[in-house]
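User: Please take a close look at the pocket linings in this model. I would like the composition, the contributing elements and the central residues.

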Amino acid sequence: MDADGGAHEGRAAAQLLARIRRELGLGDDDDAVRPLRAAPLPSRLATADLAWASVSAAMLAAGGIPASLDPDRIAVAFRSDRVLTIDGVAPPVWSEYSGFWRTADGWIRTHGNYPHHAAALRAGLGLRDGASGDLVGGTLAERDSHDAVREITAAGGLAVVVAAEDPALDRAARERPLLEISRPDGMSDALDQPAAGRSVRAGRRPLQGMRVLDLTRVIAGPVCTRTLALLGADVLRIDPPTLSEPEWQHLDTGHGKRSAVLDARSARFHDLLARADAVVLGYRPASLDRLGLDPDLLVRRYPGLVVAQLSAWGTEEPERAGFDSLVQAESGIALIESVDGDRPGALPAQALDHSAGYLLAAAVTSLLRGHRREERSCVVRTSLRRIAAELLGMPRRGMAGAEVEFDVRPHVARFGVDGSAVVTARPALTGLEFAAPHAWGSDQPVW
């Protein structure tokens, strides 16, 4: 709701969903479709509205109706890392090198969850292997913010200066579609209305028989491909032989997908691409170019392929890596969500990641449902930074509001995975249930 007392309860969510429907050709864009109540994701920014609209878009693309969505289920899905347990133990989600750090002139945000990023952060600060978080904090307290970020990134680490929002930059971003869709020369840029009759409510999973290659990591891309698997697609996740994924991270978003290790530059990988209906890419744009996986080239090389590209900062910054927490910090979200006006805050979930995942899944589903292969060739792009610009343009609350306690037990699923008992969030989309994640790298790279 707005800071003026909530006269527009749910309107922001409805208006955003209407915009997404227009962009994806999902029929009537009547903004009277609103959530029955907000998801319990308290924040100053309209996190709950963004979450509901994003999940609703995926629901509509699959043939379902937003009215069936449970706000509590959405909140649990967006905070899935908080309910995840492996053999009864909640895994450590954040490295001691990830977080906000006070500097001599302000704050920076770092991300060191992957071992190679943690090593690069230490190297950039001139610290030995195994240096404690306290030592990192003491070192940064004596550095200028921009100098510290420059040193860390020059060493291959990830850090940003915590900055104020830039309204002009965000307005310019919002003039572009939330989901940018381009087609090869000679094809219309317009999306046709998906064919009716393949609905979640009808009991048939609407992407049954579709093949999707998944080249994504962490949260946003895996949420997209997890949703496509939920809707019936045969999703094959491919990871490079040289970079494993933290177990908890894969189990949190690997539902219903097969997982294999393969070099994306290999002929075998391109054989898989030639037989795929869609590929979802989550690596930096420059990394994709180096792998020979530029989306515009792929869509021409493999007619009928839907190429979905997700990045942190957009194609305007092709070499730049990033994560949800870093985009929140640099875009101004962290300062807006500050509790005390000094220490930066954060959204109540990795909402940029999760929203981007559902929105990209909605776009891919819209293209695959009911269209002949020759009509589907296109590239669909979005970025966490573009999602942040959308959120920053939505109505705000004067205060974040209190946490709402509710029973999460109806919203979790239990699986056995490679001998471990795994508890994870159930799907935000109603009427379907996840299949168990496969152990990371345990499948063969074949259709």
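Analyst: The lining of the largest pocket is made up of 23 nonpolar, 12 polar and nine charged residues. The model is a predicted one. This pocket holds about 1,000 Å³ of space. It has 44 lining residues, and those closest to the centre of the largest pocket are Arg217, Tyr283, Arg284, Ser287 and Ala321. Helices and strands both take part: at least two lining residues of the largest pocket come from each of α4 (115-124), α8 (220-230), α11 (285-290), β4 (159-161), β7 (234-239) and β10 (306-311).

The second largest pocket has a volume of about 500 Å³. Its lining consists of 29 residues, with Arg176, Trp313, Gly314, Glu316 and Ser383 nearest the centre of the second largest pocket. By class, this second lining contains 10 nonpolar, eight polar and 11 charged residues. Two or more residues each are given by α7 (167-174), β5 (180-182), β10, α13 (324-331), β11 (378-383) and α16 (384-392).

The disulfide count for the model is zero.

Methods:
Residues are numbered from 1 along each chain as its sequence is written. This is a predicted model: local features need pLDDT of at least 70, side-chain atom pairs count only at pLDDT 80 or more; totals for chains, interfaces and linings use all residues. Side-chain values use heavy atoms; hydrogens and water are left out. A disulfide is a pair of cysteine sulfur atoms within 2.5 Å. On a 1 Å grid over the protein atoms alone, a cavity is a set of points where a 1.4 Å probe fits but cannot get out, and a pocket is an open set with protein on both sides within 12 Å along at least five of seven lines; lining residues have an atom within 4 Å of a point. Grid points are joined across faces, edges and corners, and a volume is the space filled by probe spheres set on the points. Helices (H or I, at least four residues) and strands (E, at least two) are DSSP runs, numbered from the N terminus. Ala, Val, Leu, Ile, Met, Phe, Trp, Tyr, Cys and Pro count as nonpolar, Asp, Glu, Lys and Arg as charged, and the others, Gly among them, as polar.
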